[in-house]
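Trainee: I have the model open and would like to go through it with you. Where shall we begin?

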Amino acid sequence: MSYLLDTHTLYWWLYFPQLLPQTVRERLADPDVRVFASAVSAYEMSYKHHRGRWPEVEPLVNAFEEIVAAERFDLLPLTARHAARAGAYPAMHRDPFDRMLAAQAEVEGLSIISSDSGFNALGVVPLWG
């Protein structure tokens with residue numbers, strides 16, 4: 001099984017792993033599990049950080065690729081196929097970051113690790129706990 005991290009899941013893994021359920025921590029630490037961090041998360045963190053909403057992620061914003069690689073996670077770029085799928089979701093879920101992450105998970109056949117049940121509205125059931 002391969003997983004895509006929601007932005008908050010990546011943040012908690014790096015800064016507050018105790019906030020993650022034990023099963024999630026075990027999956028992310030398992031060397032046989034493939035884990036992806038999305039370029040979308042780099043954008044979301046940078047966007048919020050530069051608007052003063054997330055000051056503590058500055059080190060991650062400045063070295064996203066290096067930190068992701070050090071955690072042995074793969075970086076998932078955003079493709080035109082992902083973007084087209086994200087745009088096709090129903091309008092009821094408006095968070096553009098969630099829409100892009102859900103599209104990446106769907107297109108790439110990944111399970112998304114997130115506590116955000118809002119992904120359900122996009123037809124992507126998040127794994128948590």
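Mentor: Leaving aside neighbours within four places in sequence, Thr7 is in contact (heavy atoms within 4.5 Å) with Ser41, Glu44, Met45, Trp54 and Leu101. Before going on, note that this is a predicted model, in which local features need pLDDT of at least 70 and side-chain atom pairs count only at pLDDT 80 or more, while totals for chains, interfaces and linings use all residues. Residues are numbered from 1 along each chain as its sequence is written, and side-chain values use heavy atoms, with hydrogens and water left out.

Trainee: Where is Thr7 placed, and is Thr7 buried or exposed?

Mentor: Thr7 is in helix 1, where helices (H or I, at least four residues) and strands (E, at least two) are DSSP runs numbered from the N terminus. At 1% relative accessibility Thr7 counts as buried; buried means under 20% relative accessible area, exposed over 50%, and partly exposed in between, with a 1.4 Å probe and protein chains only.

Trainee: Which side chain does the side chain of Thr7 make a polar contact with?

Mentor: The partner is the side chain of Ser41, at 2.8 Å. A polar contact is a pair of N or O atoms within 3.5 Å; within protein, one must be able to donate a hydrogen and the other to accept it, and residues adjacent in sequence count only if both atoms are side-chain atoms.

Trainee: Which residues of helix 3 are buried?

Mentor: In helix 3, residues 39–49, the buried ones are Val40, Ser41, Glu44, Met45, Lys48 and His49. Seen down the axis of helix 3, these fall within an arc of 160° (taken from the directions from the helix axis to the C-beta atoms), so they line one face of the helix. They pack against strand 1 (2–5), helix 1 (7–15), strand 2 (34–38), helix 4 (58–62), helix 5 (64–70) and helix 7 (96–108).

Trainee: What caps the N-terminal end of helix 3?

Mentor: Ser38 does, with a side-chain oxygen 2.9 Å from the backbone nitrogen of Val40. Ser38 itself is in strand 2 and is buried, with a relative accessible area of 0%. Not counting residues up to four places away in sequence, Ser38 touches Leu4, Phe64, Leu75, Leu76, Leu101 and Gln104.

Trainee: Changing topic, how do helix 6 and helix 7 cross?

Mentor: The axes of helix 6 (residues 80–88) and helix 7 come within 8 Å and cross at roughly 120°; axes are lines fitted to C-alpha atoms, for helices over the stretch in contact, and angles run from 0 to 180 degrees between N-to-C directions. Residues of helix 6 that take part include Arg81, His82 and Arg85, and those of helix 7 include Arg99, Met100 and Gln104.

Trainee: One backbone detail, then: what is the phi of Arg72?

Mentor: Arg72 has a positive phi of about 65° although it is not a glycine. Arg72 sits in the loop between helix 5 and strand 3 (74–76), and is partly exposed, with a relative accessible area of 32%.
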